[in-house]
Amino acid sequence: MPKILIAVDGSALSLDAVHHALALVDSGLRAEFVLANVQEPASLYELVVSRDPDRIAAASLEAGAHLMASARALLDAAGLSYETEIGIGDPAHTLVDLIESTGSDMAIVGARGQGAIRSALLGSVSQALVHASPVPVTIVRHAPDSAQAQDVESDSGADVLENFRGA
């Protein structure tokens, strides 16, 4: 049975990846799932102030688990079994490490929805993952509802960048 890693960070964009996986299951796909979240490493300031790396690591794990709650609820409601993984580091490279360590056969990530110029300037976790991944990666675009469609062009993307650190 194939194993699919789903990168989640608690944002609506990452939940699109979970909904896509659920749609695949509804279409007849039988698979095992891994919910993965990547936390940024502690800053020098955090290390100096805390002086306790174990406390910082525990906080990162707790934050990752919290950010996966909505995705877990969706998979639980669908009656699907899954495992969870929380990594710390550069998002794309850490996701590649998680893909390899879990033996995943593919990955699903939500797209940030930014334009080509903004993506080229800022870089993209999903694009970096596509290039570095040893397995196929599906990038799921966010489909705005009719109320959001009018506001899409005016959105600066700053909120998305703030909320989508992991995938």
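Which residue in β3 is the bridge partner of V34? Select E83, and you have found that partner.

**Before you go further**

You are looking at a predicted model, where local features need pLDDT of at least 70, side-chain atom pairs count only at pLDDT 80 or more, and totals for chains, interfaces and linings use all residues. Residues are numbered from 1 along each chain as its sequence is written, and side-chain values use heavy atoms, with hydrogens and water left out.

**Stop 1: the sheet**

Show the strands (DSSP runs of E, at least two residues, numbered from the N terminus, as are helices, runs of H or I of at least four). Five of them make an open, parallel sheet in the order β3-β2-β1-β4-β5; two strands pair if DSSP finds at least two bridges between them. Now pick β3 (82-88) and β5 (137-140): these are the edges, each with a single partner strand, so one side of each has no neighbour in the sheet. Strand β2 (residues 32-39) is joined to β3 by seven bridges in the parallel sense.

**Stop 2: two helices across the sheet**

Select residues 69-77, helix α4, which lies across β2 and β3 and runs at about 165° to β3. Next try residues 125-132: this is helix α7, lying across β4 (106-110) and β5, at about 165° to β5. Such angles run from 0 to 180 degrees between N-to-C directions, with axes fitted to C-alpha atoms, for helices over the stretch in contact.

**Stop 3: N37**

Go back to strand β2 and click N37. Is N37 buried or exposed? N37 is buried, with a relative accessible area of 1% (buried is under 20%, exposed over 50%, partly exposed in between, with a 1.4 Å probe and protein chains only). Beyond residues up to four places away in sequence, N37 touches several others, including V8, D9, E85 and I86; contact means heavy atoms within 4.5 Å.

**Stop 4: the core**

Select I6, V18, F33 and L35, the residues with the most contacts inside the largest nonpolar core, which has 19 residues. Such a core is a set of buried Ala, Val, Leu, Ile, Met, Phe, Trp, Tyr and Cys residues joined through side-chain atoms within 4.5 Å. Helix α1 gives the most to this core, with five residues.

**Last stop: confidence**

Colour by pLDDT, the predictor's confidence in each residue, from 0 to 100. The chain averages 78.
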